[in-house]
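Here is a short tour to read alongside the model. Keep the sequence and the 3D view open as you go.

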Amino acid sequence: MSAPELNSIPISARIQTIRRLTADTALFRLQLDGDRTFPFIPGQFVQLSVPGGGEVPISPADLPAVDGTIELCVRRFGHVTSLLHRSRTGDRVGIRGPFGNGFPVDAMAGKDVLLLAGGLGIAPLRSLLFHLLRHRSDIRSLTLMYGAREPAVMLFKDELLELATTGSLRLLLTVDFLSDTGQAEPACNVGLLPALLKGVQLEPGRSCAAVCGPPALYRCTIDELLLAGVAEDDIYLSLERRMKCGVGLCCHCAVGQLLCCCEGPVFSYRDIKNIPGAL
Amino acid sequence: MKQRFLADNALGQFLDWLTHYGVLHGPTRTAEGVDAFGPVQTESDLCLDYRRTLIPPKKYLLPPRQTILNYTTAAGYTLPDRPAPQQVLFGVHSCDLQGIAYLDRVFLGDRPDQLYRRYRNALTLVGLSCEPDPFCFCASSEKAPRNADLFLQRLEHGFIVSAETTRGKGMLAGLEPLLTEIEAIPPPPVESRMMIRLRNAAERGSTFPDSPLWENFAARCLSCGACSVCCPTCYCFDVLEHGALDGMTAERLREWDNCLFRAHGEVAGGHNFRPTRRERFLYRYLHKYLGFGALAGVPACVGCGRCRVVCPVAIDLTELFAEGDDVCA
């Protein structure tokens, strides 16, 4: 089967495990049929099919696995994701892809790397984080700043805290506000994500940032990142759009004249800063 | 130089002969008085002096609603195996041929779309020269586009017939008994200042950000989407999936979508990247005149004039090009 066919017809897969992370978000590990593996670059996306429901673009949350599994972190949001959340282990789904460019991991070599995740934006950055931890000696330092609405919806918290104990990752967590119980969470700041960037000073040209989160996150963190000394070229933004086909045909995902599904979803700030409506 | 000539009185035979290549379709006038491409049985069904059909020929390559995948629990997702209908589309004007050439670039590019290719390969195109009217503005150099298998240039008592493709050259050989020879008559030149203005704007990448026309357009637009439906190069599609009641099978469809519609820029959770009509207009402008992705810099407008004819509130995006234009002064 040639590559274009792989991109237009979903490969069959089964749901191997479902890990409920919060009330509306779960981590699905899928096992591809046959001996297939699914290579991808962190930040690329796949089109996940739920038979009878349709397709949604999702960025994998882990690294390509040799055992032909792939991990997708999905929030129950619309028609397809609701169906997925009603699925059980062993149910069939379909996968097309990978699509898009992914994060420019090679360009991060030798740099201080800052990952900024807001809410569900942690999913693709978790993939990038795993990649960078695996190649930790290639980069100078690694910091993850992750903000969630409230403690109860913070994803992968225990896992991240454990990774941070190894010393190879500096982890800063924040929540917009505390839960109704008002109980303070250990190791967690209260306030918006940009507040974590206040006073941070990085070396221009030797630092980079990868950002993924809701649209508002980009608008409020860019200025802080620039102030911190990260060059426009070195700020990588993973943009959300509704990619319906993934191959540059359906034309729902253009950012200016750039197609998010082919030329993105990861763009440098410099490439999109003058495009109205990009952020 | 001599050229091949088809006399008016041989047109009926010509149409019969075309049916060897597929079911014949051509410009007709419906009972409601709408010019439309549709099935043609006899010469009298044809409306040869039509200006433009309401819906362009894209409907033959991208059906308004099309099954793109079938799902069964046993086989997973598979391409539909139904072959595309063998069809001959007669009487296509240059602008619409240009439109098809543009769709070919989109759907047969780096990642060719298999269903489009299937439909395209099964479609034979017979072009027909036309008379411009005040709404349209194509360029004279493209009077016989290279993607027409056969092209007919209208003369007083018949047509000059030329073959533009390999398939067409083969067809022309079989057509010989119906043809006579005639001295070459060059097609009349067509002046198109608008197309030059449009291409210059595209080359400059101009979005006319300061033009007051944007607000003017946005205030009037009804978001009806007619300009996009009738555009020969608008191909945006939505993707839908319907599960069957048996719970074992499903069908995935694509159907024409419309960038003027509010839902076009929506993502999960309801956030909309193009909530206002002004933003949707700009999106349409960018795609139509400046191009997206691999076709950035390639204007899609072929000057057929349909959007200017159908807009219920007389919005004409080409007014932008006339503003402060020094090219044609």
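Are Tyr285(B) and Tyr289(B) buried or exposed? Tyr285(B) is buried, and Tyr289(B) is too; buried means under 20% relative accessible area, exposed over 50%, and partly exposed in between, with a 1.4 Å probe and protein chains only.

## About the model

This is a predicted model, in which local features need pLDDT of at least 70 and side-chain atom pairs count only at pLDDT 80 or more, while totals for chains, interfaces and linings use all residues. Residues are numbered from 1 along each chain as its sequence is written, chains are lettered from A and ligands numbered from 1 in the order in which they are written, and side-chain values use heavy atoms, with hydrogens and water left out.

## Helix α9 of chain B

Helices here are DSSP runs (H or I, at least four residues), as are strands (E, at least two), numbered from the N terminus. α9(B) has 14 residues and spans 19 Å from its first C-alpha to its last, close to the 20 Å expected at 1.5 Å a residue (1.5 Å times one less than the number of residues). Of its 14 residues, 11 are buried, among them Arg280(B), His287(B) and Lys288(B). The buried residues pack against β13 (254-255) of chain A and, in chain B, against elements including α3 (94-107) and α6 (193-204); contact means heavy atoms within 4.5 Å. Gly291(B), with a positive phi near 90°, follows the helix.

## Nonpolar cores

A nonpolar core is a set of buried Ala, Val, Leu, Ile, Met, Phe, Trp, Tyr and Cys residues joined through side-chain atoms within 4.5 Å. The largest has 130 residues, and Met108(A), Leu115(A), Leu144(A) and Tyr146(A) have the most contacts inside it. Helix α9 of chain B gives the most to this core, with 7 residues. A second, separate core of 24 residues includes Leu6(B) and Trp17(B).

## Aromatic pairs

Over all chains there are 16 aromatic pairs. Rings of Phe, Tyr and Trp (its six-membered ring) pair if their centres lie within 6.5 Å; planes under 30 degrees apart count as stacked, over 60 as edge-to-face and the rest as tilted. Phe14(B) and Trp17(B) are stacked because their ring centres are 6.0 Å apart and their planes at 25°. Both lie in helix α1 (residues 11-18) of chain B.

Tyr285(B) and Tyr289(B) form a tilted pair, 5.2 Å centre to centre with 40° between the planes. Ring pairs also link them with Phe208(B), Trp214(B) and Phe321(B) into a cluster.
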